[in-house]
Amino acid sequence: MKRRRFLKSMLALLGSTTLLSFLYPLLRFIAPPTGEARVERIVIPKDEVPTGGAKEVVYRETPVIIINRPGKGYIALSRVCTHLGCLVEYDGRKGRLICPCHAGVFSLDGVVLSGPPPKPLPRFSLRIEGENILIG
Ligand code: FES
């Protein structure tokens, strides 16, 4: 009789752990995400991006670079290379964005100049309000 009770207890334990292993992921999927909220708007003083300079920010979980192109003004581009997703680096002396992984080269407009990237860097809209640059 003791043995039967023990087996029933083990079966109940096994059943409840199996049920929990299915319920926990389901509850995590249904529950709203916690943690840091996504940045919906970025405000940067124009002083922080002088002519020929650049500033890196994260917007909506995407690494973005804001460049003040000489004679052309500000532009905000994704830093995620369109080849395999490495982060491009700004080379102010050459006036290019360079991907360190496979030597992809982009113009400061995000256009592919050489290398394997199949398409231009995505561009984010920005606007100037007074002394600030606004994205979003
Ligand atoms: S990931 Fe950028 S060139 Fe390959």
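This is a predicted model: local features need pLDDT of at least 70, side-chain atom pairs count only at pLDDT 80 or more; totals for chains, interfaces and linings use all residues.
Strands are DSSP runs of at least two residues, numbered from the N terminus. The phi angle of Arg60 is near 50 degrees, a positive value in a residue other than glycine. Arg60 is partly exposed, its relative accessible area being 37%. Ala103 belongs to the loop between strand S6 (96-98) and strand S7 (105-106).

Stepping back to the overall layout, the domain assignment divides the protein chain into domain 1 (1-35) and domain 2 (42-135). The C-alpha centres of these two domains are 50 Å apart.

Next come the aromatic rings, of which the structure holds one pair. The partners are Tyr59 and Phe124, with ring centres 5.7 Å apart and planes at 90 degrees; planes over 60 degrees apart count as edge-to-face, so this pair is edge-to-face. Tyr59 lies in strand S2 (residues 54-59) and Phe124 in strand S9 (residues 123-124), so to speak two distant parts of the chain, 65 residues apart, linked by the pair. Tyr59 has a relative accessible area of 5%. Buried means under 20%, and Tyr59 is therefore buried.Charged side chains give the next part of the picture, with seven salt bridges found in a search of the whole structure. One of them joins Glu48 and Lys55, at 3.1 Å from N to O. Glu48 counts as partly exposed at 39% relative accessibility, and Lys55 is likewise partly exposed, with a relative accessible area of 27%.

Another salt bridge is formed by Asp109 and Lys72, whose closest N and O atoms are 2.9 Å apart. This pair links distant parts of the chain, 37 residues apart: Asp109 is found in the loop between S7 and strand S8 (112-114), and Lys72 in the loop between S3 and strand S4 (73-78). Asp109 is partly exposed, with a relative accessible area of 29%. Lys72 has a relative accessible area of 54% and is exposed.

The side chains of Arg127 and Glu129 also meet in a salt bridge, at 3.0 Å from N to O. Both residues can be described by their accessibility: Arg127 is partly exposed at 37%, and Glu129 is partly exposed at 40%. Elsewhere, salt bridges link Glu56, Arg79 and Glu89 in a network.

Asp91 is buried yet has no salt bridge. What is the nearest side chain of opposite charge to Asp91, and how far away is it? That side chain is Lys94, 4.1 Å away. A salt bridge requires a side-chain nitrogen of Lys or Arg within 4 Å of a carboxyl oxygen of Asp or Glu. The side chain of Asp91 does, however, reach the backbone nitrogen of Lys94, at 3.1 Å. Leaving aside neighbours within four places in sequence, Asp91 is in contact with Arg96 and Ile98.

Methods. Residues are numbered from 1 along each chain as its sequence is written. Side-chain values use heavy atoms; hydrogens and water are left out. Buried means under 20% relative accessible area, exposed over 50%, partly exposed in between (1.4 Å probe, protein chains only). Lys and Arg count as positive and Asp and Glu as negative; His and the chain ends are not counted. A polar contact is a pair of N or O atoms within 3.5 Å; within protein, one must be able to donate a hydrogen and the other to accept it, and residues adjacent in sequence count only if both atoms are side-chain atoms. Contact means heavy atoms within 4.5 Å. Rings of Phe, Tyr and Trp (its six-membered ring) pair if their centres lie within 6.5 Å; planes under 30 degrees apart count as stacked, over 60 as edge-to-face and the rest as tilted. Helices (H or I, at least four residues) and strands (E, at least two) are DSSP runs, numbered from the N terminus. Domain bounds come from an automatic or database domain assignment.
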